[in-house]
Amino acid sequence: MVRRRGPRSRPLRDALRGLAPAPPPEPGSAAYREGVRPVGREERVTSAPPPVAPRAAAPAIVWHDRGGRLAGWRLPRDESATRRLAAQTPRAELDLHGANREEARRKVARFLREQAERGPGVVVIVVGRGRHSEGGLAVLRDLVGEWLAEGAAARYVDAFVSAPPSLGGTGAVLVRLRRAEPTA
């Protein structure tokens, strides 16, 4: 059987032809002091290959904030995972009014952990609309979105969405919990 090389290998082969091998480091140079030594034909390299940096994993939860309305869902589902969530009745509520960022982060993580230990279900986190904060901006709402998607609390979250007006509208977030994973 005759193997033919395709046109894709030609540019690489042509580029490699023009390259000369790197010269060995000079004795006394910085590279030589750091342990770089020329390898002869009779010598073998016995060191382990350099570690490969792990690839960044895709986010487990995809989320967005459109017009002040949060929505997020765990992959591989799609955005339809959040549609039925707004119609469900929450079994517990966490009110973050008056909490600073660090207090709120700890409260959210503890609340979701405790609720996930009870099993799957829906809870509501009241973050407020920011009317009494500096600049009238809802700081905690954006932070809670990040915490639910990427923080320590994300392991307990299946999906989340801004609450319907009857439960606080954009000032509250409904969270569907998943079963708590056992910790090692």
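Does Arg-176 count as buried or exposed, and at what relative accessibility? In this predicted model, local features need pLDDT of at least 70, side-chain atom pairs count only at pLDDT 80 or more, and totals for chains, interfaces and linings use all residues. Residues are numbered from 1 along each chain as its sequence is written, and side-chain values use heavy atoms, with hydrogens and water left out.

Arg-176 counts as buried because its relative accessibility is 16%; buried means under 20% relative accessible area, exposed over 50%, and partly exposed in between, with a 1.4 Å probe and protein chains only. The residue is placed in strand β6. Here helices (H or I, at least four residues) and strands (E, at least two) are DSSP runs, numbered from the N terminus. With residues up to four places away in sequence not counted, Arg-176 touches Ala-81, Leu-85, Gly-121, Val-122, Tyr-156, Val-157, Asp-158 and Ala-159, where contact means heavy atoms within 4.5 Å.

Strand β6 is joined to β5 by 5 bridges, and the two run antiparallel; strands pair if DSSP finds at least two bridges between them. Within this pairing, Val-157 has Leu-177 in β6 as its bridge partner. Of the 6 residues of β5, 6 are buried, so the strand is largely enclosed by the rest of the structure. Strand β5 is also joined to β2, by 3 bridges in an antiparallel arrangement, and Trp-73 stands opposite Ala-159 in β5. Strand β2 in turn is antiparallel to β1, with 6 bridges between them. The bridge partner of His-64 in β2 is Ala-71. A hairpin is formed by β1 and β2, with 2 residues between them, and Gly-67 in the turn has a positive phi of about 60 degrees.

Helix α3 (residues 101–117) has 17 residues and should span 24 Å at 1.5 Å a residue, which agrees with the 24 Å between its end C-alpha atoms; the expected span is 1.5 Å times one less than the number of residues. Seen down the axis of α3, the buried residues fall within an arc of 165 degrees, so they line one face of the helix. The arc is that of the directions from the helix axis to the C-beta atoms. These buried residues are Ala-104, Val-108, Ala-109, Phe-111, Leu-112, Gln-115 and Ala-116, and they pack against β3 (92–95), β4 (121–126), α4 (139–150), β5 (157–162) and β6 (172–177). At the N-terminal end, α3 is capped by Asn-100, a side-chain oxygen of which lies 3.2 Å from the backbone nitrogen of Glu-102. Just after the helix, Gly-119 takes a positive phi of about 115 degrees.

Helix α4 has 12 residues and reaches 17 Å from its first C-alpha to its last, close to the 16 Å expected. Its buried residues, including Leu-143, Trp-147 and Leu-148, pack against β1 (61–66), β2 (69–74), α3, β4, β5 and β6.

A nonpolar core is a set of buried Ala, Val, Leu, Ile, Met, Phe, Trp, Tyr and Cys residues joined through side-chain atoms within 4.5 Å. The largest has 28 residues, of which Leu-96, Val-108, Leu-112, Ile-125, Leu-148, Phe-160 and Val-175 touch the most other members. Two or more residues are given to this core by each of β3, α3, β4, α4, β5 and β6, and the largest share, 6 residues, comes from α4. Apart from this core lies another of 12 residues, among them Ala-71, Val-124, Ala-163 and Leu-174.

Technical notes: Polar contact = N/O pair within 3.5 Å; in protein donor to acceptor, adjacent residues only side chain to side chain.
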